Each structure stands twice: as structure tokens, then as C-alpha cells.
Amino acid sequence: MFTSRQIARRIPLRSPRRWAHSLPQLNSVTKEDLAHFSKILPPSAILSTLSATPTPASELEPFNNDWMNKYHGKSTTVLKPRNVKQVSEIVKWCNERRIGIVPQGGNTGLVGGSVPIKDELILSLSNMASIRSFDDASGILVADAGCILQSLSDYLTPLNHVVPLDLGAKGSCQIGGNVSTNAGGLRLLRYGSLHGSVLGLEVVLPDGTILDQLTTLRKDNTGYDLKQLFIGAEGTLGVVTGVSILAAPAPQASNNIMLALPKFDNVLPLYREVKKQLCEILSAFEFIDRTAYDLGVKHGQGRALDSEVVEGAECFVLVETSGGNREHDEEKLNNLLESLLDVDHPLINTGVLASSPAQFSSLWAIREGLTEAMSKEGKPYKYDISVPLHKFKEVVDKTRDHIKEMGLLHDGAVKYVVGYGHVGDGNLHLNVVASEYTPEIEAALEPFVYELVATYRGSVSAEHGIGVMKTHALQYSKDATSIELMKRIKHLFDPKGIMNPGKVLV
Ligand code: FAD
Ligand code: 2HG
Ligand code: ZN
């Protein structure tokens with residue numbers, strides 16, 4: 001085990017300017033390229049400031065800026081193909097001409113992976129949004145990569161199935177983006193990771209070849225499972241155009257409960273007890289620290305809990321059950337609540353059990369709205385980390401102390417250091433909410449946070465990915481051999497380095 005000081009010496013950090021130098025030499029899109037693209041796509045599918053009738057730069061802005069407005073690209077051109085053949089022709093041309101491509105889904109990524117670093121071409125999947133098939137016996141759904149997660153969910157609801165993935169960005173993120181980031185979300189505890197539920201993919205490789213692995217088989221042990229490479233590749237190995245995924249039977253009854261805890265130390269014993277008592281019906285166990293809760297409420301995310309619930313609470317836990325029988329599940333939850341309170345040293349102060357669908361949604365809105373609340377409050381530095389569960393609070397406290405020691409914990413710099421996340425997955429979202437994104441605050445946080453994570457042998461990215469934000473931090477969670485193998489895989493698929501340059505590996 002290395003101490004943080006040793007790690008700092010072992011791993012030389014590279015400044016952002018130096019990463020830019022290690023980008024491959026790529027060409028900008030020209031008018032000649034546009035002339036070629038207009039043979040593949042109708043005019044309505046080409047947005048470009050270089051066109052004969054130029055698209056106003058303001059129309060390109062939403063594609064060039066990320067959700068947090070932290071990362072900014074300068075692309076002149078966005079293409080919106082409708083089918084895999086068009087994607088293949090565009091990618092083939094870009095490969096021959098050495099033009100960088102940024103595949104873009106809903107642009108809700110939180111690590112700057114979905115926007116260009118310079119003027120790479122943006123390939124938006126938003127026009128590829130058809131459901132290809134659904135088999136209600138097997139539960140297998142095949143869809144275009146550009147389908148929005150919420151629309152897939154709406155499609156499956158009357159068919160008594162659910163997408164095995166849910167996240168706060170569901171109204172905008174696309175299934176292709178979810179697969180490409182290996183998104184975790186709010187119910188990974190129940191449905192597992194996309195590495196398990198994605199059964200097949202259709203991918204356009206960097207030379208334009210269409211890799212058709214869009215199988216609908218639950219079991220297939222014929223050699224290497226190539227699709228796994230694209231799950232979480234963040235667009236660096238190819239463009240995902242189709243996804244085959246195993247939908248789950250819709251729960252017949254869902255309940256949730258918000259528990260107020262007097263101290264963080266109770267979270268783990270509570271988790272043990274909740275698992276023991278709720279067993280197969282437990283579907284989410286989410287953690288919110290007090291400051292995060294207060295900010296969520298301040299910015300109108302969900303209905304505030306009654307003051308007597310909130311009083312004296314150091315943190316909150318949202319527990320969800322999904323099962324097959326309402327009475328049975330409610331009885332289990334009520335028994336849980338009673339047993340949690342009816343002891344000499346209760347783990348919780350109190351709890352709010354949702355008694356209507358509106359209350360169920362409102363409790364979830366508090367948790368799901370935290371990301372938006374942080375952005376409404378200021379400029380959040382987001383550290384999406386895996387650390388041992390009992391270290392969640394320590395990480396938040398140590399980071400706050402460090403920022404304070406650096407003289408940066410005041411209104412003009414860092415306003416809040418908060419934590420929330422997926423206890424069931426060991427995934428903490430450490431958010432450092434500042435007034436502005438400044439090099440001084442970034443230097444105070446990095447490598448500090450990454451070193452801290454490394455001391456716990458954690459991961460610098462539990463679910464959001466590496467993108468451009470963490471290329472220099474990958475080495476805190478992956479050894480040199482793994483990174484070297486990743487580079488070889490990247491080179492094998494994309495020898496010219498056109499796919500999402502400057503992301504994940506530099
Ligand atoms: P984008 O942001 O467009 O792209 C993300 C990355 O994938 C980029 O590198 C891009 O190049 C690549 N990409 C996109 N589409 C393709 C494609 N078809 N082929 C190849 N590469 C592609 N993430 C979680 O894991 N869990 C959460 O709970 C969660 N909650 C969130 C809540 C909010 C409010 C917000 C704003 C974000 C949240 N995120 C969460 C992050 C984000 O929503 C996910 O990473 C999501 O999967 C990104 O999907 P997208 O379609 O927006 O992809
Ligand atoms: C969540 O779990 C998302 O809400 C976003 O992964 C986390 O806002 C964040 O940092
Ligand atoms: Zn999350």
C-alpha cells in the first residue's frame with residue numbers, strides 16, 4: 001500500500017497543455033468534406049458553419065458545450081445520420097481524411113467526453129431513435145443507439161417491462177451513450193451493470209466497417225466477447241449504432257422510504273439490516289449527506305421533508321423496494337421501520353414512507369435532483385469515486401479540511417463540499433461546489449482527491465468515465481500494464497486515432 005506522498009512521487013502529473021500536445025495530428029473539416037457529406041446526408045442532417053448557407057454558430061453551441069458548461073469545443077460541423085450505413089460512410093471518409101470524430105448522444109456526460117477538444121466533427125446519434133424489436137417472452141429489446149432512455153422506458157411500461165437502468169438524466173441521455181459510458185445509475189443494486197444486461201451491439205468501427213454483434217442470445221460462449229470492449233469505451237473505439245438489451249419484468253409493487261440518520265456511522269449497520277430484512281425486494285439504497293439535502297431543497301428538487309424529520313439528521317438514506325406483491329412488500333417495509341425504531345439505540349431518527357405515487361416520485365426527486373441542484377448553486381467539481389463504504393464521510397471531510405487549509409473555503413471560492421451516491425454500489429459522488437471553475441481550485445483538488453482514492457485502493461471513476469477530465473488520473477486506478485494493454489487495443493481498432501481523440505487515453 002502506498003501513502004499519498006509516495007503516490008504523488010510515483011505518478012508524474014501532466015498539465016492540460018501537455019495533454020493537448022499528445023493528441024494525434026488530425027485535419028479540420030473543410031468545404032470539400034462537406035460536399036462529400038452532402039452526398040450521404042440530406043441538408044437537414046448537416047449543421048455547419050462552413051456550408052453555403054452557414055448554420056448560425058449559436059445552433060452549434062449546445063453540441064460544443066457540455067451539460068455542466070465546463071468543457072467547450074469548437075466544432076464547425078455536426079452530422080446527424082439516420083442509419084448505420086450513413087454512419088459507416090461518414091466514418092470511413094473521416095478515417096481516410098484523418099478527421100477526428102466525437103460521437104455524441106444526449107450530451108449529459110459529466111467528464112467532458114461528449115464534446116470536442118478542438119474542432120473535431122460531432123456525430124450526433126439523435127436521428128437514430130427507432131425501436132427495432134421487442135420480444136415480451138424473453139424480454140429482449142433491440143433499439144437504435146439514439147433512443148432516449150426515458151422513451152425506452154415509456155415504450156416498455158405497457159408491455160410490463162423496465163429498462164434495467166435508471167438515472168436522473170433519463171429525459172435526455174441515449175441508450176448508446178449509456179452503453180458507451182457503462183452508466184450505473186440508481187438501480188444497479190437491483191439490475192447489475194450493463195456489462196451483464198447488454199446482450200449485443202452494432203458498432204461502426206473507425207475504418208467504417210460495420211461490426212454486427214447485435215445478437216439476442218442470453219448465452220453465447222463462442223470466443224472473445226468483443227462487445228464488452230465497447231461498453232464503457234466512451235466513443236474511443238467506434239460508434240455504437242444499435243443495442244440489444246435484456247429488459248426486466250416490471251415490478252408489481254414499488255415503495256420507497258426516506259430515512260433520517262443521526263450520524264453517518266449508522267449508514268453501514270443500517271445497510272446490513274435493510275438487506276437482511278428486505279432481501280429480494282430491495283432495489284435501491286441511496287445516500288445523501290445533510291448539506292447535499294439542504295442544497296437540493298433550496299433549489300426546489302422534490303418536496304422538502306417535514307422539519308421534525310430533518311431536525312438532527314446528519315444524513316439521509318433513500319430505500320426502494322420493488323417486488324411482486326404490494327401487501328407483502330408494505331408489510332416488510334413497515335416491519336423494518338418498526339424494528340429500526342424499536343431498539344435501545346436506534347439507527348435512524350425517523351423515516352418517511354411514501355404513501356402515494358406522488359410521494360414516491362417526490363422522494364425520488366430529492367435524490368435525482370441533486371446533480372441539478374449543485375449546478376444551480378455554483379460550479380461543481382465532480383469526483384465520482386469508488387471507495388470502501390465506511391470511508392464515504394471521511395473522504396468528504398478530508399477534502400473539506402484540505403480546501404479549508406488551502407484558504408479556499410469561502411464564498412468567493414469553494415462554497416460547499418458534499419457527498420451523495422449509491423451506497424449499494426460503493427460509489428460516492430463527492431461534489432465540490434465553487435463559485436467559478438478556476439485553475440487554483442482545480443490545483444487544490446487534483447491530485448489531492450485522486451491520491452486519497454488511491455490510498456483506499458478505490459477507483460477514480462465509478463460510473464461517469466474518464467472523458468477528458470480524468471485522462472491524467474487513470475493511472476491512480478489502473479496499473480501500467482493495464483494502461484499499456486488499453487493503448488494497444490485502441491491502436492488495433494483505431495490506428496489513426498480519429499475516434500474521440502484526447503479522451504480516456506492520451
Ligand atoms: P453523451 O454525454 O453524449 O456521451 C458520453 C460519452 O459517450 C462520450 O464520450 C461520447 O463520445 C460517448 N458516446 C455517446 N454516444 C455514443 C455512441 N452512440 N457511440 C459511441 N460513443 C458514444 N451517470 C451514471 O452513470 N449514473 C447516474 O446516476 C447519472 N446520473 C446523471 C444525472 C444527471 C442529471 C446528469 C446530467 C448526468 C448523469 N449521469 C449519470 C451522467 C450521464 O448521464 C451518463 O454518463 C450517460 O450515460 C451519458 O449518456 P449520453 O447519451 O448523454 O452520452
Ligand atoms: C447521480 O448519481 C449521478 O446522481 C450524478 O451519477 C452524480 O451529480 C453527480 O455528481
Ligand atoms: Zn451516480
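Strands here are DSSP runs of E with at least two residues, helices are runs of H or I with at least four, and both are numbered from the N terminus. You're looking at a predicted model, where local features need pLDDT of at least 70, side-chain atom pairs count only at pLDDT 80 or more, and totals for chains, interfaces and linings use all residues. Residues are numbered from 1 along each chain as its sequence is written, chains are lettered from A and ligands numbered from 1 in the order in which they are written, and side-chain values use heavy atoms, with hydrogens and water left out.

Which polar side-chain atom lies 2.8 Å from an oxygen atom of ligand 2? Click on Thr-371 and you've found it. Glu-463 also brings a polar side-chain atom, 2.9 Å from an oxygen atom of the ligand. (A polar contact is a pair of N or O atoms within 3.5 Å; within protein, one must be able to donate a hydrogen and the other to accept it, and residues adjacent in sequence count only if both atoms are side-chain atoms.) The protein buries 88% of the 290 Å² that ligand 2 exposes when taken alone, with areas from the Shrake-Rupley method and a 1.4 Å probe; for residues, only the protein chains shown count as cover.

Next stop, ligand 1. It has 35 residues around it, and Pro-103, Gly-105, Thr-108, Gly-109 and Thr-181 are the closest. Select helix 7 (175–181), which supplies the largest share of that shell, five residues. Zoom in on Gly-109: a polar backbone atom there is 2.7 Å from an oxygen atom of ligand 1. Taken alone this ligand exposes 970 Å², and the protein buries 97% of that.

Finally, pick helix 19, residues 448–455. Six of its eight residues are buried (under 20% relative accessible area), so helix 19 is largely enclosed by the rest of the structure. Move on to His-472, in the loop between helix 19 and helix 20 (480–493). Its side chain reaches the backbone oxygen of Met-469 at 3.4 Å.

How values were computed
Near = heavy atom within 4 Å. Buried < 20%, exposed > 50% of the residue type's maximum accessible area, 1.4 Å probe, protein only.
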